[in-house]
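Hi,

Here is the structure we talked about.

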Amino acid sequence: MLKEFWYPVACIKDLKENRPLGVEIFDEWIAIFLDSSKNVVAVEDRCLHRNARLSKGKVVNGELTCPYHGWRYCNNGQLSSVPSEGPKFTPSASKCIKSYETYLQDGYIYLKLKSSSNGTSRIPFKIPYLGAAGYEHIRLIHKFRAQVPNCAENFIDIPHTTFVHPKIFRYEQEPQLIQSDVELKDGNVHVRYLNETSNFGIFSKFLNSKSSTIFHEDNYYFPNVTHVEYRFSEKMHFNITSQSVQVTKDETMVYTDLTYNYGFWNLLAKPFVRWVGKKIIAQDVDIMRQQSDVTAKYGQQFLSMPSDIQHVFIELIYDCLRNDKDPTTLPNRQKRVEFWI
Ligand code: FES
Ligand SMILES: [Fe+2]
């Protein structure tokens with residue numbers, strides 16, 4: 001079932017007219033190119049002739065050309081010409097490579113490996129506030145050596161911020177008691193923090209000078225999206241949307257979109273927000289690598305505390321998907337949690 005969802009595999013701006021792109025998802029190699037009508041086409045990245053990588057070739061008149069002996073493929077994956085055969089070559093439906101559905105949204109190329117088994121079709125998750133008036137946008141792409149659900153858990157995990165991102169988020173020496181409402185609803189997870197007043201360490205003075213209560217919500221949307229939203233004050237709004245995509249058995253590509261409205265400070269803050277974003281993600285990449293190494297050696301047996309309940313929900317949902325079960329059939333649950341950060 002996991003292969004029946006849309007996943008981002010590249011940014012549309014990186015796909016040039018005559019150059020195919022090679023991407024990887026669920027251990028499949030895929031070549032992406034633009035056909036003569038500028039439609040995005042995705043096909044398996046393997047030439048029928050002698051297994052060269054089609055993504056290393058070029059696009060000629062909207063057809064994908066193999067770098068080894070020049071065989072060409074059209075936009076439905078069918079072999080259209082074989083140079084060594086000259087004009088006598090006749091294309092046939094049996095000489096065809098696999099092609100995949102694509103979808104463009106928010107500057108991403110989305111790809112689906114399989115059609116939905118239950119006939120329903122959802123569009124990809126829309127990045128909140130992308131392109132909205134008054135909002136700036138930063139896109140960051142990183143590879144994690146980790147599994148998708150572990151990445152998703154990390155992106156909506158509050159207690160780690162004190163230790164993995166010291167000073168950027170929180171100070172260890174000033175713990176606060178926090179309450180949250182955690183809900184598993186229709187296969188998604190929503191966490192609402194109730195009494196947070198300071199959560200961005202050294203930046204708190206700028207973001208929330210009056211130390212008022214921050215609106216903070218963390219959401220997980222199956223199978224692979226997390227959305228974190230902060231309203232530090234009336235004028236300071238910040239969103240982090242992360243899409244985690246399994247590329248190989250051990251690796252996940254994470255597409256992060258930061259959309260924020262700091263009013264007057266929007267542009268001045270941009271290089272700084274980008275720098276902090278990259279720093280935070282690099283710290284998460286490191287800790288997730290450690291987690292993966294230990295899990296590979298000893299297996300995944302986690303001991304959870306009340307503050308981990310959203311992670312337990314994510315694991316439940318993802319296990320459903322791994323076992324081809326519809327997570328929306330899980331019973332809805334709600335819990336109020338208290339914890340120190
Ligand atoms: S391997 Fe592709 S044309 Fe020969
Ligand atoms: Fe983190």
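Quick housekeeping first. This is a predicted model, in which local features need pLDDT of at least 70 and side-chain atom pairs count only at pLDDT 80 or more, while totals for chains, interfaces and linings use all residues. Residues are numbered from 1 along each chain as its sequence is written, and chains are lettered from A and ligands numbered from 1 in the order in which they are written.

Domains: the assignment gives domain 1 (2-112) and domain 2 (136-340), with bounds that come from an automatic or database domain assignment. Their C-alpha centres lie 35 Å apart. Where they meet, nine residues of domain 1 are in contact with 11 residues of domain 2 (contact: C-beta atoms, placed from the backbone, within 7 Å). On the domain 1 side, strands E1 (7-11) and E2 (21-25) each supply at least two of the touching residues (strands, E, at least two residues, and helices, H or I, at least four, are DSSP runs numbered from the N terminus). That side divides into seven nonpolar, no polar and two charged residues (nonpolar is Ala, Val, Leu, Ile, Met, Phe, Trp, Tyr, Cys and Pro; charged is Asp, Glu, Lys and Arg; the others, Gly among them, are polar).

Now the sheet: eight strands make an open, antiparallel one, ordered E11-E17-E16-E15-E14-E13-E12-E18 (two strands pair if DSSP finds at least two bridges between them). E11 (136-144) and E18 (333-340) are the edge strands, each pairing on one side only. From one strand to the next, the twist averages 15° (axes are lines fitted to C-alpha atoms, for helices over the stretch in contact, and angles run from 0 to 180 degrees between N-to-C directions). E15 (225-233) and E16 (236-246) pair over eight bridges, and Ser233 stands opposite Met236 in E16.

Helix H1 (148-155) lies across E11, E14, E15, E16 and E17, at about 170° to E16. Helix H5 (309-322) also packs on the sheet, touching E12, E13, E14 and E18, and makes about 170° with E13.

Last, Pro91, in the loop between E8 (79-81) and E9 (99-105). Leaving out residues up to four places away in sequence, Pro91 touches Gln78, Leu79 and Ser80.

Cheers

Notes: Contact = placed C-beta atoms within 7 Å.
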